[in-house]
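Q: I have a sequence and a 3D structure open. How do I read the features one by one?
A: Pick a feature, get the general idea, then look at the case.

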Amino acid sequence: MSAEKTRDGFSSTLLALMVALGSAVGLGNIWKFPYMTGTGGGGAFLVIYLFFVFCVALPIMISEFTIGRRSRKNAVASFKVLTGNPHTPWALTGFIGVLSSYLIMFFYSCVAGWVYCYTFKAATGAFAGITKDSAGAMFMAAIGAGGAGQPFFSKIVLAPVFWHILVLVVIGTIISLGVAKGIEKAVQVMMPALFALLIICAVRALTLPGAGAGLRFLFHVDFSQVTPAVVLSAMGLAFFKLSLAMGVMITYGSYFTSDADLTSSPLKIAVADICVSMLAGLAIFPTVFSFGVEPGAGPGLLFITIPLIFSQMPFGQILLFAFFLLTAFAANGAMLSLVEVPTIWLSEEFNISRKKAALINCVLIGAVGVLSAGSADATGYFGGFKFLGRGFFDLFDFLSSNLLMPIGGFFIAVFAGYVMKKQDLAAELSNNGTLNNESRVNFIRILLRYVTPLLVLVILLNGLGIIKF
Ligand code: PHE
């Protein structure tokens, strides 16, 4: 049997799509996307986001799937295989992906830990009768605020560390079971459950009195709110939302079945991802407006406002549990994809077993993540340490989103558009001529050569402050 046949992979195109969607759907859908849509001009923001999905994200996702499936290797080795040169500098593009996935995990795992903690709290009825003050205090305790100057082995410091480690134990266990027996099986259960729970929460929210104000917030069309900064953030969101330039889609591409259509699959993933975000928006904003609360951004909305207002509604405790459970599932799917990137890389490049590679990664992420767990708030145990003016938590986020992601995305588009031979790209995207999609492939190649890299360069230069809008 050839090495290729023994390599683990997805069992069908549908499951491959579900797992890739599991990576795309994450914390970004539950609060980032709906909130950015609401404040960025509603329907106007959506049009701009869709433009970037089409011109930047889809061509890059198609390139990543192509690079992965053609080489059937991890994110680094794939470039070596495709260039036929084990010392190719293009392997650096893969390294950037592996590095970004580590950096994201160093803080994403902590946030996933807060979600686990809140799911547990909701299950045990801890939110019954909370007030604005107690909800705020509960969140500060969950993120380890006030840990500065306390002994390391105190409850306030160790609580977020405990949940962050628990996330890694769960994810590490699933990863070590394999692609088909681990990741695929877990996502197969979590994704349909996530959809079902989300629909229940959205229906409940939409039937509240005064829900219309929430719908207006989300769907009004206002181009006057679209500033250049909003345009750029829409592009960054498209990268983050669709898990691009992280090695994730190259790695998952390497597990795709040979008959999967790599040109239409990314479109399906992007559309389904938007649907989840919209459903999350429908669950959150009608509720927020119905209770007359300001729709605050970010963690505050998810961890303070939501528990506060859900617990005031009939069946609120059950709904809160459903809401945090679905958020935990979303975070798990994203974490699985992130841990898979360095796991298969370590395992293939250093010839060690998958289990050992997963263990090494989880220990590493667990250890470095402790720095994030202690620096999510400036008053945390490690809150006083600053690099480039940022604490560990913000630094990991900044380096991955503003720097490595656009650099990686740029080089991936250039690799697929200029370095890969036209006939190789066409062969992979047409499944060796069986799909008869020549004009579509030509169009994608034009985007990859002349549109995508230029647009990405713009966000990169802006992110670095070299050009300002
Ligand atoms: N797409 C995920 C989200 O929306 C985040 C993520 C980024 C996951 C990069 C994997 C890789 O939350």
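**Reading burial, contacts and the ligand site**

Q: Is Lys 241 buried or exposed?
A: Lys 241 has a relative accessible area of 1%. The cut-off for buried is under 20%, so Lys 241 is buried. Keep in mind that this is a predicted model.

Q: Where is Lys 241 in the fold, and which side chain does Lys 241 contact?
A: Lys 241 belongs to helix α11. Its side chain is joined to that of Asp 273 by a polar contact of 3.5 Å. A polar contact is a pair of N or O atoms within 3.5 Å.

Q: Which residues come nearest to the ligand?
A: The shell around the ligand has 15 residues. Nearest are Ala 24, Gly 28, Tyr 108, Phe 240 and Lys 241. Lys 241 is thus a buried residue of α11 and one of the nearest to the ligand.

Q: Which backbone atoms lie by the polar atoms of the ligand?
A: Take them in turn. A backbone N or O atom of Ala 24 is 2.9 Å from a ligand nitrogen atom. For Phe 240, a polar backbone atom is also 2.9 Å from a nitrogen atom of the ligand. For Gly 28, a backbone N or O atom is 3.0 Å from a ligand oxygen atom.

Q: How much of the ligand does the protein cover?
A: On its own, the ligand has 320 Å² of accessible area. The protein covers 100% of that area.

Q: Let us turn to a loop. Where is Arg 7, and is Arg 7 buried or exposed?
A: Arg 7 lies in the loop between α1 (3-6) and α2. Its relative accessible area is 17%, so Arg 7 counts as buried.

Q: What does the side chain of Arg 7 reach?
A: Look for both backbone and side-chain partners. The side chain of Arg 7 reaches the backbone oxygen of Arg 72 at 3.2 Å. It also makes a polar contact of 3.1 Å with the side chain of Ser 254.

Q: Now backbone angles. What is the phi of Leu 388?
A: Leu 388 has a positive phi of about 50°, although it is not a glycine. Leu 388 lies in the loop between α16 (354-373) and α17 (392-419). With a relative accessible area of 63%, Leu 388 is exposed.

Q: What is the phi of Asn 431, and is Asn 431 buried or exposed?
A: Phi of Asn 431 is near 50°, again positive in a residue other than glycine. Asn 431 is in the loop between α18 (422-429) and α19 (438-463). Its relative accessible area is 9%, so Asn 431 is buried.

Q: How do I read distance along the chain against distance in space?
A: Put the two values side by side. Thr 131 and Ile 304 are 173 residues apart along the chain, and their C-alpha atoms are separated by 9.7 Å. Gly 113 and Leu 388 are 275 residues apart in sequence and 26 Å apart in space, C-alpha to C-alpha.

Q: Where are Thr 131 and Gly 113, and what is the accessibility of each?
A: Thr 131 is in the loop between α6 and α7 (132-142). At 42% relative accessibility, Thr 131 counts as partly exposed. Gly 113 is in helix α6 (residues 91-123). At 0%, Gly 113 counts as buried.

Q: How far apart are Ile 407 and Leu 461?
A: Ile 407 and Leu 461 are 54 residues apart in sequence. In space, their C-alpha atoms are 10.0 Å apart. Ile 407 is in helix α17. At 23% relative accessibility, Ile 407 is partly exposed.

Terms used: Residues are numbered from 1 along each chain as its sequence is written. This is a predicted model: local features need pLDDT of at least 70, side-chain atom pairs count only at pLDDT 80 or more; totals for chains, interfaces and linings use all residues. Side-chain values use heavy atoms; hydrogens and water are left out. A residue is near a molecule or strand if one of its heavy atoms lies within 4 Å of it. A polar contact is a pair of N or O atoms within 3.5 Å; within protein, one must be able to donate a hydrogen and the other to accept it, and residues adjacent in sequence count only if both atoms are side-chain atoms. Accessible areas come from the Shrake-Rupley method with a 1.4 Å probe; for residues, only the protein chains shown count as cover. Helices (H or I, at least four residues) and strands (E, at least two) are DSSP runs, numbered from the N terminus. Buried means under 20% relative accessible area, exposed over 50%, partly exposed in between (1.4 Å probe, protein chains only).
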